[in-house]
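Hello,

Here is the structure I promised to pass on to you. Please open it next to this email, and I will walk you through what turned up.

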Amino acid sequence: MLDQLGNGLLLGIIISVASVALSLLYGVTRIVNFAHGEIIALGAIMASFFSNLPTSRYIFFENTSPLGLSFELSLVLSVIICGIFGAGLELLVFRPLRKNNFGNIAVLVITIGISIFLRHLYLIFASSKPQDYPLDLQRRQQYFLFDLTPRDAKIIVYGILIMIIFGLFISFTSIGKQMRAVRDSNELANITGINSDKIILYTWILSSMLAGTAGIFQGMINDVRWNMGFLILLLVFAGTVLGGIGTSFGAMIGGFIIGIVVQVSVALPFMEGHSEAKNAIALAIMILILLIRPQGIFGRKERIS
Amino acid sequence: MKVSRKNIIGLSLIVFSILSIYLLNDEGPTRILVNLLAFAGIYAISAIGLNIHFGWTGLINFGHAAFMGVGAYTTILLIPHAAGREGSINEDGLPLFIAIIIGLLASAIFGLIIGLPAIRLRGDYLAIVTIASSEIFRLVVRDQEDLTGGVYGVISFSDVFQQIRPKFLEELALRLDVSVGQLWVASFSWIMVILLIFVLKRLQNSPWGRALRAVREDEDAVRALGKNAVWLKLQSFMLGASIAGLSGILLAFNYGTLQVEMFVPLLTFYIWAIMILGGVGSISGPIFGSILFWAFISETDQLASIIFENADGQQIAGVRFMLVGVLIIALMILRPSGIMGKKEELLLDVK
């Protein structure tokens with residue numbers, strides 16, 4: 001079980017970062033974003049596109065070949081692209097929808113359409129073959145209790161760092177405070193002179209950048225696939241709901257718990273030989289939580305029936 | 001059916017799409033048409049079930065694929081079949097019709113199990129719970145290889161269904177130069193569609209149907225009138241689920257094999273696209289939606305293989321799915337009531 005704890009920690013960090021992004025977006029805009037997984041995948045695929053060598057065996061669509069930049073630079077570039085993409089989604093799709101008073105359900109269905117569209121765009125662009133980043137293989141080492149490669153350890157440290165910075169940003173900066181104000185009540189925030197359109201735009205950018213980062217992490221420990229976003233999306237939902245949808249701190253902890261549960265459950269006695277079904281456990285936990293405590297562990301009470 | 005403008009638009013769109021199949025395909029257009037009609041009929045049944053959930057009662061069900069899957073797996077595993085890695089043959093089984101009825105009941109019970117806890121949740125939460133349940137179903141079926149054949153699936157079960165086909169179909173199939181098996185699946189599905197529409201038209205204006213729509217409009221008012229809104233929702237969930245089960249069974253017979261990957265969440269969203277295209281809440285909408293949807297995607301395959309010469313098969317299929325995404329977005333923005341739907345019956349703008 002202990003060997004799985006390291007993997008759990010790693011997956012936990014990734015889901016945690018993605019859940020925080022999803023939860024922030026839901027809190028501020030009330031959009032249940034099914035296209036979140038595709039933004040996660042965008043980060044991973046873009047990083048692969050920037051970093052792989054043009055001569056590599058990875059196939060991108062006919063006329064575009066990978067660029068072969070350094071991995072660090074590709075990482076930064078793809079996170080920026082994710083931010084721009086999020087801004088584009090808000091400006092081109094969701095702001096007009098909001099101005100025309102589209103209901104929550106209609107917007108939800110539209111995010112599904114966007115998700116299906118993007119996922120298969122990736123399939124056409126990046127082909128169905130799994131791709132790896134041009135990173136060297138590393139040996140596992142012992143860190144405290146955990147068996148991890150140095151790169152894994154780095155991901156965990158950076159993940160925690162990102163969340164600390166995010167926490168400080170949302171708590172103490174002016175924009176962070178305005179985001180929380182819009183989350184609590186859009187009208188009241190408007191009355192106090194907050195430009196909620198601007199804040200929602202910033203939220204989209206921040207959320208997409210976090211999601212892209214999570215995607216790159218996921219690509220670093222596994223591989224990059226066109227459908228990786230949808231595979232991880234339901235786990236991200238589980239993390240968000242477990243911690244309390246709309247809360248940032250809750251989503252952090254929730255995503256973390258889900259990641260650890262998924263990986264550690266492989267080592268449970270009754271799961272022997274059933275490791276493929278590990279995600280089912282996380283989803284079952286999510287459903288259970290929604291039944292017992294729909295507001296999640298850290299959420300505020302709210303009518304959801 | 002009274003002839004309204006909507007009906008004329010819908011019918012002419014269907015005629016146009018069928019004509020386009022004959023115009024665009026030089027070889028075996030009839031075969032393509034029968035294939036299309038088989039899928040369209042099966043998906044129309046499923047969309048009718050979803051329409052009861054969403055169109056009539058306002059329940060956001062994103063786990064429709066699992067309802068189809070439960071029906072299909074229950075029925076197919078009860079009739080003679082071969083399953084698993086070795087394809088171990090199971091020769092004795094129940095008669096087909098009893099197996100189908102048990103399959104439909106199983107779907108309804110599955111709907112009850114999912115619905116019982118989930119139905120009290122607000123719209124978007126219900127969406128998350130149902131899609132998660134459908135993924136749990138898929139993962140468990142994949143995992144329980146001894147029972148369900150796991151990733152290897154179930155095969156050799158179609159004979160029972162083909163034995164009951166009427167004899168004149170064989171002659172007809174020979175004349176049209178199409179596969180008789182698929183012709184039978186297509187005809188059976190469309191008979192079921194017509195039957196369902198007939199029954200549901202009656203049901204829609206019954207006290208029960210009106211109560212369901214009242215639940216969609218204002219649950220508190222229904223409660224105030226002394227109706228049990230939760231129980232009404234559950235009934236709607238079960239009815240829609242067993243209709244989905246029927247379409248799952250037919251889908252398995254159409255493919256001739258039962259694979260767990262047939263019931264991925266994408267299938268649910270296909271059905272959603274068909275329902276929205278046909279018209280949310282409209283009973284005959286799914287017919288139009290389904291035929292148009294299948295004509296649309298079978299033609300895009302051809303177009304895609306011309307535009308992207310170097311792409312592999314999966315990428316070509318990607319173009320089709322991509323357009324389904326565009327279709328959903330465009331419909332929701334431009335015409336959320338679809339071809340046949342009524343704007344005032346649309347629940348989509350509820351906060």
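**What was found**

A:Ile84 counts as exposed because it has 12 C-beta neighbours inside 10 Å. The rule behind that word is simple: a residue is buried with 20 or more other C-beta atoms within 10 Å of its own, exposed with 12 or fewer, and partly exposed in between, the C-beta atoms being placed from the backbone. You will find A:Ile84 in helix α3 (residues 71-99) of chain A. Its C-alpha lies 8.6 Å from that of A:Met209, although A:Ile84 and A:Met209 are 125 residues apart in sequence.

Before you go further, please keep in mind that this is a predicted model, in which local features need pLDDT of at least 70 and side-chain atom pairs count only at pLDDT 80 or more, while totals for chains, interfaces and linings use all residues. Residues are numbered from 1 along each chain as its sequence is written, and chains are lettered from A and ligands numbered from 1 in the order in which they are written.

**How confident is the prediction?**

The model scores ipTM 0.89 and pTM 0.92. For chain B, the average pLDDT (the predictor's confidence in each residue, from 0 to 100) is 87, and 96% of the residues score at least 70. Where in chain B is confidence lowest, and where is it highest? The lowest mean, 79, belongs to strand β2 (residues 88-90) of chain B, and the highest, 95, to helix α3 (residues 64-78) of chain B. Helices (H or I, at least four residues) and strands (E, at least two) are DSSP runs, numbered from the N terminus.

**Where the chains meet**

The contact between the chains takes 38 residues from chain A and 40 residues from chain B. Two residues are in contact if their C-beta atoms, placed from the backbone, lie within 7 Å. On the side of chain A that touches chain B, the elements giving two or more residues are α4 (104-126), α9 (228-243) and α11 (278-292) of chain A. Of these, α4(A) supplies the largest share, 15 residues. By class, this side of chain A has 27 nonpolar, nine polar and two charged residues. For these classes, Ala, Val, Leu, Ile, Met, Phe, Trp, Tyr, Cys and Pro count as nonpolar, Asp, Glu, Lys and Arg as charged, and the others, Gly among them, as polar.

**Two helix pairs**

α9(A) and α11(A) pack at an angle of about 35 degrees, and their axes are 9 Å apart. Axes here are lines fitted to C-alpha atoms, for helices over the stretch in contact, and angles run from 0 to 180 degrees between N-to-C directions. Among the residues making this contact are A:Ala238 of α9(A) and A:Ala282 and A:Met286 of α11(A). The residues of the contact divide into 12 nonpolar, one polar and no charged.

In chain B, the axes of α3(B) and helix α5 (residues 123-143) come within 8 Å and cross at roughly 35 degrees. This contact includes B:Tyr73 of α3(B) and B:Arg138 of α5(B). Its classes are six nonpolar, three polar and one charged.

**The core**

Which residues have the most contacts inside the largest nonpolar core? They are A:Ala18, A:Ala238, A:Ala282, A:Met286, B:Ala273 and B:Ile328, in a core of 212 residues. Such a core is a set of buried Ala, Val, Leu, Ile, Met, Phe, Trp, Tyr and Cys residues joined through C-beta atoms within 7 Å. Helix α2 (residues 29-56) of chain B gives the largest share of this core, 17 residues. Leaving aside neighbours within four places in sequence, A:Ala282 is in contact with A:Leu235, A:Ala238, A:Ile258, A:Val261 and A:Val262.

Most residues other than glycine have a negative phi. A:Arg30, however, has a positive phi of about 65 degrees and is not a glycine. A:Arg30 lies in the loop between α1 (2-29) and α2 (36-51) of chain A, and counts as partly exposed because it has 15 C-beta neighbours inside 10 Å. A:Ser127, also not a glycine, has a positive phi of about 60 degrees. A:Ser127 is in the loop between α4 and β1 (141-143) of chain A, and its 19 C-beta neighbours inside 10 Å make it partly exposed.

Enjoy exploring!
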